[in-house]
Amino acid sequence: MANTSALGESSPSSHTYASAASAVKLASLGLITGVSLLGNASLSLLLMKDSSLRKAPYYFLLDLCLADVVRSAVCFPFVMAAIGGGGGGGSAWPYSALCCKIVAFMSVLFCFHVAFLLFCVSVTRYMAIAHHRFYYKQMNRCTCAAVICMVWTLSVAMAFPPVFDVGTYKFVREEGQCTFEHRYVKANDTLGFMLMLAVIVGTTHVVYVKMLCFVYDHRKMKPAHPVPAISQNWTFHGPGATGQAAANWIAGFGHGPTPPTLVGIRQSSHPGNRRLLVLDEFKMEKRIGKMYYMITLAFLVLWAPYISACYLRIFVRGAPVPQLYLSAAVWMSFAQAGANPIISFLFNKELRVRLRACFPSCLGTQTPMEPYCVI
């Protein structure tokens with residue numbers, strides 16, 4: 001009788017705990033969905049509305065935002081429906097198997113899309129710092145469109161084969177979502193699937209480290225010591241003649257074509273405030289690179305717990321992953337969809353300035369910004 005009473009008391013307690021856990025999951029996922037839709041939609045509208053932001057780095061950022069909007073609007077509601085329809089605090093898939101396979105395909109597609117795109121962005125950031133002449137010449141709108149199309153093609157190629165494997169895309173009750181079922185290494189091809197994701201993320205960080213080393217090496221370069229030129233009736237001769245002619249041209253004394261030392265150097269469009277913009281643009285490229293690296297780091301941090309759980313199930317047959325850890329890892333991967341706009345505005349001053357300029361009624365007075373031009 002005592003044992004029966006104890007069991008009778010524990011059952012309502014566990015049921016209450018499961019119901020509270022489901023409520024927390026629904027509330028947190030609803031918050032993530034709202035932040036993701038609001039943040040990504042706002043940033044997308046800003047990037048499309050402001051003509052000064054129509055350049056290579058922001059085309060990739062726009063693609064990231066639009067992909068996160070679709071992921072939040074299409075995939076997350078099905079997860080919430082599965083949690084709400086489980087009954088007793090669990091989760092259950094209330095729709096057809098075909099619908100589950102489609103949702104799982106889209107979830108995996110968006111995961112690999114972010115990974116591939118961040119790798120391509122890291123390569124372009126390195127080109128902008130180390131080979132800026134080639135970058136500004138080749139990274140036009142058509143090149144960006146080609147890179148984005150290539151990324152989507154690779155993502156579809158990674159996410160589509162499991163559609164034909166029986167039982168690979170299915171509803172995983174412990175995770176509360178339809179996704180790739182990660183099983184033991186000899187059960188399916190999940191090892192190659194996860195290795196590809198790890199290699200992409202790792203290679204992306206290698207490119208950023210290479211870019212950081214390049215910047216550090218060029219910080220140690222010694223400044224050149226100019227040699228004064230000899231003046232004869234405003235005609236300069238000697239080693240410093242070219243530099244002196246450039247100085248005269250900047251000051252307004254020179255006429256005709258641009259001196260050789262100024263080829264490739266951009267100037268302010270205001271004739272009364274002529275100055276070299278090379279250092280400012282280099283700092284801007286570094287800020288954009290820092291923004292994208294923080295987005296890449298956030299992707300790694302938010303997906304790492306889930307990827308670790310997947311590798312545990314791959315190499316250890318019947319590995320017992322704690323339910324609390326698995327739920328937290330899955331929800332952290334969901335949170336990645338709403339992290340990009342927050343990181344972008346925090347680490348990119350240009351976006352904050354343009355946001356105030358495009359929405360002066362909501363964010364204060366408009367702040368004038370010097371135009372950015374490429375020669």
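**Buried rings and a cavity**

Colleague: Let's start with F180: is it buried or exposed?

Modeller: F180 has a relative accessible area of 1%, where buried means under 20%, exposed over 50% and partly exposed in between, using a 1.4 Å probe and protein chains only. This is a predicted model, in which local features need pLDDT of at least 70 and side-chain atom pairs count only at pLDDT 80 or more, while totals for chains, interfaces and linings use all residues. Residues are numbered from 1 along each chain as its sequence is written, and side-chain values use heavy atoms, leaving out hydrogens and water. With 1% falling under the cut-off, F180 is therefore buried.

Colleague: Happy to hear it. How many aromatic pairs are there, and of which kind is F160 with F164?

Modeller: Rings of Phe, Tyr and Trp (its six-membered ring) pair if their centres lie within 6.5 Å; planes under 30 degrees apart are stacked, over 60 edge-to-face and the rest tilted. The structure holds 19 such pairs. In one of them, the ring centres of F160 and F164 are 5.3 Å apart with planes at 75°, so the pair is edge-to-face.

Colleague: What is the volume of the largest cavity?

Modeller: On a 1 Å grid over the protein atoms alone, a cavity is a set of points where a 1.4 Å probe fits but cannot get out, and lining residues have an atom within 4 Å of a point. Grid points are joined across faces, edges and corners, and the volume is the space filled by probe spheres set on the points. One cavity of 30 Å³ or more is counted. The largest has a volume of about 240 Å³.

Colleague: Which lining residues are closest to its centre?

Modeller: The largest cavity is lined by 22 residues. Closest to its centre are S107, C111, T179, W303 and Y306.

Methods
On a 1 Å grid over the protein atoms alone, a cavity is a set of points where a 1.4 Å probe fits but cannot get out, and a pocket is an open set with protein on both sides within 12 Å along at least five of seven lines; lining residues have an atom within 4 Å of a point.
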